[in-house]
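User: I'd like to go through this model with you and hear what stands behind each label. Please start with the words used for residue types.

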Amino acid sequence: MIKMLLDVKNLSIYYYTLAGTVKAVENVSFAIGKREWVSFVGESGSGKSTVAYAILNLVPSPGQIINGKIIFEDKNILELTNEELREIRGKEISMIFQDPMTSLDPLRKIGDQIAEVMIEHGIEKEEAYEKAKELLKKVNLPEDRISYYPHQLSGGQRQRVAIAIAMAFNPKLLIADEPTTALDVIVQDAIMDLIGTLKDEGTSIFFVTHDISLAAERSDKIAVMYAGKLVEFGRVEQILENPLHPYTQSLLASVPDLWSEKEIKAIPGYPPDLRNPPSGCRFHPRCPIFKEKPALKGICDVTEPKAIEIEKEHFVACHLHR
Ligand SMILES: Nc1ncnc2c1ncn2[C@@H]1O[C@H](COP(=O)(O)OP(=O)(O)OP(=O)(O)O)[C@@H](O)[C@H]1O
Ligand code: NI
């Protein structure tokens, strides 16, 4: 067995709201190897961000991790003390977000914010500022930006600063939750390149996007989420050339193709209300194959499909594949 960097087992996360319990993530298992780029894809509300936050035990209230293990290098993240977690955050595991302003302080200079992370983890002040300049260079920002405030930078430049902070300690894992969604295509590409640089230097990437074609460009593996479930997980080639889950097939059919006249098909229907998810396979009410085959009645709508490994490293949770 190859040793994985991150091993998530049977993760379930609920949000306890006044309007009911939202079963946002249910029994999700996956692993990320060293230097591996794994992209989580799926429609809005499928639980991608919730899983991302859980990895640093940062699921926001009223969310609660109700079951599972998150093993990062032999330690269960969910059993660490706050102090142990602080030691890991920003150093071994870094996180960047769709809006870099969620992590940047609008009132403080860029240089101070980059240096601060290093000072917090025990680096001398002078060295931290030196390193901050190097980091700015590394993300292709001029050194003088060190004395700028966040609002003096563009959205793309702010995201570069967030990446510079994330890079400060050559983290083992970068969690990136839709870091390019708010940016135009050219800037988006530059940010993807930077994340690629981190990977080349040995960092594993947990990348969240609703855009499966963006995921396909750079990832090693793709994880497909539907309504809180991980329905398919595999190497990019496997997912693109041999998608097994009807939901993955629908997602791929909904991608505009520049080179063909192929008709784009939106997925009919809506994701379910996770306070009261469908019985059996959560996708069955929208599944085109379930609709076509009467023999599946009493199976897909009744029994939860378990994830099984169909070919090496390619998992699917669907009754059509048993
Ligand atoms: N603070 C919260 N309180 C209550 N429910 C929440 C909260 N945050 C998320 N949820 C619910 O949990 C589910 C998963 O949400 P999550 O944000 O993880 O999905 P996502 O896949 O990241 O979606 P998006 O693509 O829109 O970012 C959704 O049903 C959402 O409504
Ligand atoms: Ni999200």
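Analyst: Happy to! Ala, Val, Leu, Ile, Met, Phe, Trp, Tyr, Cys and Pro count as nonpolar, Asp, Glu, Lys and Arg as charged, and the others, Gly among them, as polar. By that division, the shell around ligand 1 holds six nonpolar, ten polar and one charged residue. This is a predicted model, where local features need pLDDT of at least 70 and side-chain atom pairs count only at pLDDT 80 or more, while totals for chains, interfaces and linings use all residues. Residues are numbered from 1 along each chain as its sequence is written, and chains are lettered from A and ligands numbered from 1 in the order in which they are written.

User: What makes a residue part of that shell, and which are the closest to ligand 1?

Analyst: A residue is near a molecule if its C-beta atom, placed from the backbone, lies within 6 Å of it. For ligand 1, 17 residues surround it, and the closest are Ala24, Ser44, Lys48, Ser49 and Thr50. Two or more residues each come from β1 (4-17), β2 and α1. The largest share, three residues, is from α1.

User: What is the order of the strands in the open sheet of four?

Analyst: The order is β2-β1-β4-β5, with antiparallel pairing. β2 (20-33) and β5 (75-76) each have a single partner strand, so they are the edges, and one side of each lacks a neighbour in the sheet.

User: Why are β4 and β5 called paired, and how many bridges join them?

Analyst: Pairing asks for at least two bridges found by DSSP. β4 (residues 63-72) and β5 have two bridges and run antiparallel, so the pair meets the cut-off. Within it, Phe72 stands opposite Lys75.

User: What makes β3 an enclosed strand?

Analyst: Buried means 20 or more other C-beta atoms within 10 Å of a residue's own; 12 or fewer is exposed, and in between is partly exposed, with C-beta atoms placed from the backbone. Five of the five residues of β3 are buried, so the rest of the structure largely encloses this strand. Trp37, Ser39 and Val41 point one way and Val38 and Phe40 the other.

User: Which strands does β3 pair with?

Analyst: β3 runs parallel to β8 (residues 204-208), with four bridges, and parallel to β9 (residues 221-226), also through four bridges. Ser39 has Phe207 as its bridge partner in β8 and stands opposite Ile222 in β9.

User: Why is Leu136 called buried?

Analyst: Leu136, in helix α4, has 21 other C-beta atoms within 10 Å, so it passes the cut-off for buried. Contact means C-beta atoms, placed from the backbone, within 7 Å. Beyond four places in sequence, Leu136 touches Leu141, Glu143, Arg145, Ile146 and Ala164.

User: Why is the chain described as agreeing with a compact globule?

Analyst: The radius of gyration is taken over C-alpha atoms, and the globule rule is 2.2 Å times the number of residues to the power 0.38. For 322 residues the rule gives a value near 20 Å, and the chain has 21 Å, so the two agree. Buried residues make up 41% of the chain.

Definitions and conventions: Contact = placed C-beta atoms within 7 Å.
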